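Here is a short note for a colleague who is new to this structure. Please read the points in order, with the model open.

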Amino acid sequence: MICRSWRLGFAVLLALVLAAAIAAPHASADEKPKVRAITAFVRLDRQKFAGQIAETLGVLRKAKASLEQAGYEVQTIRITPQPFAVMVRGVSREEVLTFYRDYEALAKKENFATAIGPAMLHDDSDPREADLFAEILAAHPGLDGSLTVADEDGVHWNAVRAAARVMKYLQEHTPHSQGNFGFAAAAMVQPYTPFYPASYHLGRGQQFAVALQGASIVDDAFSSARGDMAAARKALASRMNEHASAIEKICKEIEKQTGWAYMGMDLSTAPLKDVSIGAAIEKLIGAPFGASGTLSAAALITGVLREVPVEHAGYNGMMMPILEDARLAQRWSEGRLSVDQMLAYSSVCGTGLDTIPLPGDVTEQQLARIIGDMATLAVKLKKPLTARLLPVTGKKAGDRTEFDDPFLVNATIHPLP
């Protein structure tokens, strides 16, 4: 009798569980992607920037509320002022240090991210500008930034060397050598990209752009098209078009309501740890990321992104940040990926060398060679690329990183070729 009662109870419980599972929404096709960032572009006056920031935050928070009301969770709001290279012209060192100290304090208080670069906009810029820039970034971890190492005129070799020097300084002067997480050597990056740390503008301000966390859309599309490139492309295009058009409609309404110009959307496939672009591609090609087929998948993604009929800003490519993606970090640790491989994938439109862990004894000359390769590729292909390289003091090849950041995954460091 007891046995029969237990069986009956178990049967009822199983039926309830199955019913709940059937009724539960599928976490893919109906799930909306997150918005990684809404980024505002402003031109600050050092004497009255607090009021300007208050006005900007009003616009950003209104945009955030509108997107979230439509079901699009917004992860961050960001403010990009005029570049460091512009801000420091004719200003004393003491005034520069005071301004960025106060500016970071305001960013922390109001909970917004900010990128203050780039430094050295031109190859004939004073390299001491990069040294002051490094000092500020090291002292104020709430500030991100970049240094321009290439543009339409070609590679800036003086800036390449300066960027390597900045990386070594941040490695040696920040806890766990984490300062380089917020710094990038940037090549061919255009104004108004909403992604950090290479975001900048040269205009009058009162503009904004949006960045997606696109890896979730790719994962959804590729889950339903395992091994079939044509089906994967069709599924990805359908989902990207649907969400991008919906978000853009909201952004254009915000533009009307606020008078702030909408500059476009970066559809790049940004991952976030377990929301992995690496895992998504593995579902499509049926092999580990880095195996044959990875390049084709990268090209497929980029082709779709470039064809989405919305206003574009930023990279619009496959983002492959090794230490921001759990699966990529795993494949890197297994030795399946290398710096040269990541550059090869960037040739069909990744976004460069992103969060690459390096041994602590890497020299400025070695860093400059890596940055120079990235910049040369960007100029040759006329496409935006960046290098975010993370050398770690005290770590050598075979050691594991020990970063203490909620957005980073730790991985094994490889020897440099």
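**Salt bridges: review notes**

1. Start with Glu 135. At 26% relative accessibility, Glu 135 is partly exposed (buried is under 20% relative accessible area, exposed over 50%, partly exposed in between; 1.4 Å probe, protein chains only). Its salt-bridge partner is Arg 93, with the closest N and O atoms 2.7 Å apart. A salt bridge here means a side-chain nitrogen of Lys or Arg within 4 Å of a carboxyl oxygen of Asp or Glu. Arg 93 sits in helix α4 (residues 93-110) and Glu 135 in helix α5 (residues 128-139), so the pair ties together parts 42 residues apart in sequence. Arg 93 is also partly exposed, at 40%.

2. A note on the basis. The model is predicted: local features need pLDDT of at least 70 and side-chain atom pairs pLDDT 80 or more, while totals for chains, interfaces and linings use all residues. Residues are numbered from 1 along each chain as its sequence is written, and side-chain values use heavy atoms, without hydrogens and water. Helices (H or I, at least four residues) and strands (E, at least two) are DSSP runs, numbered from the N terminus.

3. Stay in helix α4. Lys 108 and Glu 104 are four residues apart there, about one helical turn. They form a salt bridge, with closest N and O atoms 3.7 Å apart. Lys 108 is exposed at 56%. Glu 104 is buried at 6%.

4. Now the strands. Arg 388 pairs with Asp 354 in a salt bridge at 2.7 Å between the closest N and O atoms. Arg 388 belongs to strand β10 (residues 385-392) and Asp 354 to strand β9 (residues 352-359), so parts 34 residues apart in sequence are tied together. Arg 388 is buried at 6%, and Asp 354 is buried at 9%.

5. Last, the wider count. Shared partners join Glu 282, Arg 327, Arg 331, Glu 334 and Arg 336 into one salt-bridge network. The whole structure has 20 salt bridges.
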